[in-house]
Amino acid sequence: MSNSLFDFGMIGLGVMGRNLLLNMADHGFSVIGFDKDEAKNVALEAAATPGTTVKGVPELAQMIHLLQRPRKVMMLVPAGQPVDDVIASLLPLLEEGDVVIDGGNSHYTDTLRRVKYLHEKNIHFMGIGVSGGEQGARSGPSIMPGGNQTAYEHVRPMLEAIAAKVGDTPCVAYLGKEGAGHYVKMVHNGIEYAIMQLISESYAILKHGGLSNKQLHEVFKTWNEGKLQSFLVEITAEIFLQKDDKGEGDLVDVISDKAGSKGTGKWTSQDSMELPVAVPVIDTAVAMRTLSGYKDERIKASEIYGKNAVGDTASQELTDQVYDALYFATILSYAQGLAMLFQASQDLKMDIPLPQVVSVWRGGCIIRSSLLEVFTNAYKQNPELSNILLNQEVAALVKSAEDNTRSLIAFAAKSGVAAAGLMSSLAYFDAYKSERMPTNLIQAQRDYFGAHTYQRIDTPGTFHTEWGQP
């Protein structure tokens with residue numbers, strides 16, 4: 001094997017890198033990995049399916065020497081400087097036409113810089129988003145590649161082989177130029193933040209309403225068998241059954257309520273403001289994770305203002321309202337993320353094909369859900385749809401859940417249960433469908449104190465008024 005030429009190389013043999021290589025090997029490709037930690041090289045070979053061609057090596061030059069040309073190399077290392085360090089190590093070893101892939105969660109602006117830098121050296125650089133976690137990497141992830149399309153064709157057979165499948169369709173497609181792959185993955189993660197926040201708020205309302213964890217399991221399990229079917233709802237149902245392995249009771253009840261994050265949700269929120277595109281549910285999800293970190297202050301505030309307590313108010317009516325509100329807000333979360341991709345595709349000239357994006361998300365990824373089939377149909381009708389809320393089928397689903405959403409949000413507000421994500425989804429909806437918003441007053445205020453001018457609805461042009469003059 002040591003003198004064989006391998007189809008694909010991986011730099012970084014953590015769980016994700018190892019599992020992706022093993023997935024490729026199971027589909028008939030010969031793969032080689034490099035890690036400075038010899039134990040990880042040994043673990044890679046030990047985990048290989050008998051009869052597959054898998055090798056781990058401790059020297060980068062050795063791996064590059066054993067790759068078929070044009071070489072196809074993926075990095076799975078932490079975002080930021082480590083990626084640039086690996087590129088610097090690779091450059092003396094590569095030749096023109098080789099393909100270098102960053103499979104981590106890099107910010108798309110870094111990917112744009114690296115694409116340009118390596119293009120000048122006649123080396124292809126691709127940013128590829130991978131979603132599905134450790135299990136998905138091994139059995140079939142959702143893969144979001146962007147960059148040079150010629151480079152994509154070099155790796156397409158391998159990516160299509162290892163990707164999750166919906167029917168016979170692999171959950172991978174070319175998603176646009178330069179930094180498009182990492183941009184799509186960033187927005188995917190922003191939507192993920194939003195839906196997780198919405199699920200946690202739904203849990204809070206039902207938990208405060210008196211449902212036990214066993215009852216919550218049954219509720220979410222039932223929901224996952226209907227129109228809310230999704231990976232996140234499915235695992236939520238399972239979480240409520242997990243017993244505490246270090247004590248008595250259920251594990252979920254002893255987990256700290258200070259939520260962590262790796263920054264991709266924040267990037268989505270920040271970049272939406274640069275475009276600009278409104279994504280308030282994602283913004284709220286990021287803010288609530290930040291607020292969860294104020295644990296000491298929250299304890300003091302609860303002593304000053306009193307704890308929120310709904311009491312034993314859980315009923316089938318309340319459960320139905322939560323169900324519809326979660327469905328409503330989930331649609332709004334997708335709508336905001338996809339609208340951001342639509343605008344970014346145009347403004348940043350990345351040519352992101354939204355029909356392919358929602359198709360890729362249907363399987364393997366964290367935000368996979370039955371709703372993506374609805375969105376796929378919407379984009380088949382109009383590939384240039386700027387917002388899925390403008391599709392009639394989507395509109396019918398939103399309208400069907402609207403009344404219960406309003407009732408549930410009123411209940412949450414009156415009961416003192418924080419439901420910021422649900423509330424912001426309704427506020428976005430009400431503003432988006434408003435033919436006239438009250439922002440005419442804001443324009444008047446801006447012109448009053450800063451002479452920022454305004455436009456009129458009856459006469460074209462730009463105007464300024466000397467406010468308060470007789």
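**Close-up views of a predicted model**

View 1. Pro276 is located in the loop that runs between helix H11 (264-274) and H12. In this predicted model, the bond from Leu275 to Pro276 is cis, and its omega is near -5°. Most peptide bonds are trans.

View 2. Pro70 belongs to the loop between H3 and E4.

**View 3. Strand E5 and its partners.** Strand E5 (residues 99-102) is covered on both faces: Val99 and Ile101 are buried on one side, and Val100 and Asp102 are buried on the other. E5 pairs with strand E4 (residues 72-75) in the parallel sense over 4 bridges, and Met74 stands opposite Ile101. Between E4 and E5 the chain passes through helix H4 (residues 81-90) in a right-handed β-α-β crossover. E5 also pairs in the parallel sense with strand E6 (residues 124-131), over 4 bridges; here Val100 faces Phe125. A right-handed β-α-β unit is formed by E5, helix H5 (residues 108-119) and E6.

**View 4. The two sides of helix H4.** The buried residues Val83, Asp84, Val86, Ile87 and Leu90 belong to H4. These residues lie on the same side of H4 because they cover an arc of only 160° around the axis. Gln81 and Ala88, on the other side of H4, are exposed. The buried residues of H4 are covered by elements including strand E1 (8-11), helix H3 (60-65), E4, E5, H5 and E6.

View 5. Arg289 is part of helix H12 (residues 280-292). Although buried, Arg289 has no salt bridge. The nearest side chain of opposite charge belongs to Glu192, 5.5 Å away, whereas a salt bridge requires a side-chain nitrogen within 4 Å of a carboxyl oxygen. Apart from neighbours within four places in sequence, the contacts of Arg289 are Tyr193, Met196, Ala259, Gly260 and Ser261.

View 6. Most residues other than glycine have a negative phi. Glu178, which is not a glycine, has a positive phi of about 50°. This residue lies in the loop between strand E9 (169-170) and helix H8 (180-208), and Glu178 is partly exposed, with a relative accessible area of 39%. Lys349 also has a positive phi, near 55°. Lys349 occupies the loop between helix H14 (316-347) and helix H15 (354-360) and is exposed, with a relative accessible area of 58%.

Methods
Residues are numbered from 1 along each chain as its sequence is written. This is a predicted model: local features need pLDDT of at least 70, side-chain atom pairs count only at pLDDT 80 or more; totals for chains, interfaces and linings use all residues. Side-chain values use heavy atoms; hydrogens and water are left out. Buried means under 20% relative accessible area, exposed over 50%, partly exposed in between (1.4 Å probe, protein chains only). Two strands pair if DSSP finds at least two bridges between them. A crossover is right-handed if, with the strands pointing away from the viewer, the path from the first strand over the helix to the second runs clockwise. The arc is that of the directions from the helix axis to the C-beta atoms. Contact means heavy atoms within 4.5 Å. Lys and Arg count as positive and Asp and Glu as negative; His and the chain ends are not counted.
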